Amino acid sequence: MKIMVTGGTGFVGSHIVDALEEKYSGSDILLFVRDMAKAESRIRAGLTVHQGNITDRTSLNLAIDDFHPDVVIHAAALADDWAPLTRLMEVNAQGTLNVIEAMTQLESSPFLIHISSSSVYPRVASVYISEETPYGPYGNYHKSKVAAEKIVKDAIEKGVIEASILRPPNVMGSRDFTHMAKISNAMKNGKFPMIRNGKAKQTWVAAEDLAQAVLLIISQQRKAKGRIYNVKSFEITVKDLYDQIASRLDISKPPKSYPYFLAYSVGFFSEILGKLRGKRSTLNRYRVIKFSRDRLFDDSKIRSELGYQPKWSAQETITKTMDWLQKEGIV
Ligand SMILES: NC(=O)c1ccc[n+]([C@@H]2O[C@H](COP(=O)([O-])OP(=O)(O)OC[C@H]3O[C@@H](n4cnc5c(N)ncnc54)[C@H](OP(=O)(O)O)[C@@H]3O)[C@@H](O)[C@H]2O)c1
């Protein structure tokens, strides 16, 4: 089985590559990367690395024509809430189309595992979100992820490729420079906004569990083809997440708690201020909603169809992530 990975130098992709390395021979894994320096340790471990860019069809054509993968895991994306829509579309939507078109140049097209995101769903939902929940992207990044999915679905429907789509919620683990790093640093600086007493429940997937879901799809392509899957490890309230991180950081002072409407108004005005100053605001309406509303996902489909069983609890995942953040001096 020959497997090509895009985005293997990123947070999610690197965990997928770790899991692949445990199961497959290094020479059967191809990393398609922008920056060869970031892939140095993988090259030393015997993996094949091809330099390119998903916005450049020729580089994708060359990599795929040379390596002839059986499976392509597409985890490369511009994961940035603040990037302009045109750039997000170029990388996330057009980049996905480029990957698919390059795959179809082979006589027998490889199987695609597309790493999508729960951001394709509406931000506010009062019930568990299943794969049947209609799209409801909140911002530009979310819109670009919907556009990418539609490209994959269209290719499946036209019989151009066989593929599965995975929709992870927030991913937690080592090598993440966003979620937990930002939350921990905001807490350290006394700037973490506890809204509605932190009652909101969030859903996370441990990076290792997500990687296992990818392995399950690879080994059960026939069952998984044409399917979309939610995947998760645990649910945790904002308050419990705060408390666990606080105990790691020796923060004893309780956070300031704000009512929702006050936090939302502050978020709104700091967004405007940020735009006027050309700076990213720490608090915005999206973050206020994110930390004040339940966001729950139904992952029964991947459990029943592919036998997915998350192995990582909240406590283990937080501990491992904090270990890494502290070791790297990020927090
Ligand atoms: N992190 C989460 O919580 C989360 C949640 C749900 C879904 N996801 C999805 O998971 C995927 C990976 O996200 P991530 O969090 O791992 O982001 P990340 O750490 O920023 O990694 C992004 C990866 O994509 C590569 N990349 C970006 N633009 C590229 C281009 N034009 N050509 C080739 N490679 C390019 C990056 O390469 P460089 O290393 O060179 O920058 C990096 O390897 C995305 O599809 C994202 O939507 C992530």
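Predicted model: local features only at pLDDT ≥ 70, side-chain atom pairs only at ≥ 80, totals over all residues.

Q: In what order do the seven strands of the open sheet lie?
A: The seven strands form an open sheet in which the pairing is parallel. Neighbouring strands are turned by 20° against each other on average, direction ignored. The order of the strands is β3-β2-β1-β4-β5-β6-β10.

Q: Which strands stand at the edges of the sheet?
A: A strand at the edge has a single partner strand, so one side of it is left without a neighbour in the sheet. In the order β3-β2-β1-β4-β5-β6-β10, this applies to the strands of residues 48-51 and 228-230. The edge strands are β3 and β10.

Q: Which residue in β4 stands opposite V5?
A: Strand β1 (residues 3-6) pairs with strand β4 (residues 71-74) in the parallel sense. The pairing runs over four bridges. Opposite V5, the residue in β4 is I73.

Q: What is the bridge partner of H74 in β5?
A: β4 pairs with β5 in the parallel sense, over four bridges. Within β5, the partner of H74 is H114.

Q: What angle does the direction of α7 make with that of β6?
A: Helix α7 packs on the sheet. The strands that α7 touches are β4, β5 (111-115), β6 (162-167) and β10. Between the directions of α7 and β6 the angle is about 160°.

Q: How many nonpolar residues does the contact of α1 with α7 have?
A: From α1, the contact includes F11, V12, H15, I16, D18, A19 and K23. These meet A207, E208, L210, A211, Q212, V214 and L215 in α7. Two of the contact residues are polar and three are charged, while the nonpolar residues number nine.

Q: Which residues in α13 meet α9?
A: The axes of helix α9 (residues 238-249) and helix α13 (residues 314-327) come within 11 Å and cross at roughly 40°. The two helices are therefore oblique to each other, and the crossing is right-handed. On the α9 side the contact consists of Q244, I245 and R248; on the α13 side it consists of Q315, I318 and M322.

Q: Which element gives the largest share of the shell around the ligand?
A: The ligand is surrounded by 26 residues, and the closest are T9, G10, V12, A77 and S117. Two or more residues of the shell come from each of α1 (11-23), α4 (85-103) and β7 (170-172). The largest share, three residues, comes from α1.

Q: How many charged residues does the shell around the ligand have?
A: By class, the shell has 12 nonpolar residues and 10 polar ones. The charged residues of the shell number four.

Conventions: Residues numbered from 1 in each chain as written. Near = placed C-beta within 6 Å. Nonpolar A, V, L, I, M, F, W, Y, C, P; charged D, E, K, R; others polar. Contact = placed C-beta atoms within 7 Å. Pairing = 2+ DSSP bridges. Axes fitted to C-alpha atoms, helices over the stretch in contact; angles between N-to-C directions. Parallel < 35°, antiparallel > 145°, perpendicular 65-115°, else oblique. Left-handed = near helix turned anticlockwise from the far one by under 90°.
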